[in-house]
Amino acid sequence: MKKVPHRLYLTEDQMPKQWYNLRADMPEQPDPMLNPATLKPATEEDLYPVFCKELAHQEMDAETRYIDIPEEIQEMYKIYRPSPLIRAYNLEKALGTPAKIYYKFEGNNTSGSHKLNSAIAQAYYAKKQGLTCLTTETGAGQWGTALAEACAYFGLDLTVFMVKVSYNQKPFRKAVMQTFDANVIASPSDTTNAGRQILAADPNTGGSLGCAISEAIEKAMTTEGCRYVLGSVLNQVLLHQSIIGLESKIAMEMLDEYPDIIIGCAGGGSNLGGLIAPFMQDKLTGKADPRIVAVEPASCPSLTRGKYVYDFCDTGKVTPLARMYTLGSGFMPSPNHAGGLRYHGMSPILSKLYHDGYMEAVSVEQTKVFEAATYFAKYETILPAPESAHAIRAAIDEAIRCKETGETKTILFGLTGTGYFDMTAYQAYHDGQMNDYIPSDADLQKGFDGLPKVD
């Protein structure tokens, strides 16, 4: 039998020309977003003050199965896509597992992550609408970097509110964003009403994505020719990220392979939702039945310990409410949490699929994550982002389980990006100074106490 190549790249002609809208095949739709003023289902027009019109339309579209990727977006995709599907032969050998391990590597661009797939699309639609600037939030910095690249390409001004603890931990991320002319502000800040209120309540807070979202939305809504864009969670983002899964499926079909287990890290859901999209379509339509596993940090366990309820998407409580697994919009992740994946909620699409039993979720401590990251780096020569290493941890655990049972399973996981801006965290791990933090039930209850009362 011919050996599968280490890396498989599609040709440009084989790249998907359409995104896949997973909602079109869901037997039951996620509950609608609610207008925060009326608590009634939000309309597309309700979203226009915050989002570009085309993105608002994509956000609400639950019927169109495939959506054409505009040629301008395809042309920018071709700078760094298709991304490779890699067979982890060395990792398999080191583990002594009969499992076949594949990973989709999304780090071959300056942002170092998958985030550029949606950043390009959102910047394009903003430019097409005639807008002149965008605002956003970023946690670990990958999304802010990706959007800075895309805005520079399309000639848009950008303001990024970066979670303060990450802003301090990762100064080089800020430098990259500034290279692409982005204005980067540590959040919470004194530049917005939302930021000032949060600082008044806790002057020493390290911030959260919910805080940064509130500031970015306020900035967008008070600036002429400006809109807000988000790097995860939203339906539109999972739509754009479906290119990851579509490419993966094409490549695996070329190898006559199909994954038994699909694993992705989960913070807000963009990478996981994109990776699993076409495989989940097979599951929903009865064509196949892969196990799909979301891996989240034990310090921010929205799926595994959160509540499936309506909640605000931001700490300032100005966004529409979404029914999702959430820890409460006021939840603040521990400052010692080294990676991203620090959002208080989970994509409504993924929350619904998890709630209905189509996927699983596990949480892992960060020392175990970095143990897996360093092990992987030694054998596969790629230094993974801490976010990606959550998926690596679970993939290694599944491969070891195959070794114990003798099962030959095919595992696919998403390697969302590289960890070259995370060396402070890697150093803390190597020096034995990294600690695990798992919130107690009492800690989580503080977030749950702030959940809105929605019938």
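The legends below describe close-up views of a predicted model.

In this predicted model, local features need pLDDT of at least 70 and side-chain atom pairs count only at pLDDT 80 or more, while totals for chains, interfaces and linings use all residues. Residues are numbered from 1 along each chain as its sequence is written, and side-chain values use heavy atoms, with hydrogens and water left out.

**View 1. An open sheet of seven strands with mixed pairing.** The strands, which like the helices are DSSP runs numbered from the N terminus (strands E, at least two residues; helices H or I, at least four), follow the order β1-β4-β5-β15-β10-β11-β14. Two strands count as paired if DSSP finds at least two bridges between them, and the edge strands, β1 (7–8) and β14 (360–364), each pair on one side only. Within the sheet, β10 (residues 261–265) and β11 (residues 291–297) pair in the parallel sense over five bridges, and Ile261 has Arg291 of β11 as its bridge partner.

**View 2. Helix α10 lying across strands of the sheet.** Helix α10 (residues 235–254) lies across β1, β4 (85–87), β5 (100–105) and β15 (410–415), and runs at about 140° to β5, where angles run from 0 to 180 degrees between N-to-C directions and axes are lines fitted to C-alpha atoms, for helices over the stretch in contact. Because 17 of its 20 residues are buried, α10 is largely enclosed by the rest of the structure; buried means under 20% relative accessible area, exposed over 50% and partly exposed in between, with a 1.4 Å probe and protein chains only. At Gln241, α10 bends by about 35°, the bend being the angle between axes fitted to the seven residues ending there and the seven starting there. After α10 comes Asp256, whose phi is positive, near 55°.

**View 3. The packing of helices α14 and α15.** The axes of α14 and α15 (residues 386–405) are 8 Å apart and meet at an angle of about 85°, so the two helices are roughly perpendicular to each other, a term that covers angles of 65 to 115 degrees.

**View 4. Tyr379 in helix α14.** Tyr379, placed in α14 (residues 366–380), is partly exposed, with a relative accessible area of 34%. Leaving aside neighbours within four places in sequence, Tyr379 is in contact with Asn90, Leu91 and Ala94.

Note on methods:
Contact = heavy atoms within 4.5 Å. Parallel < 35°, antiparallel > 145°, perpendicular 65-115°, else oblique.
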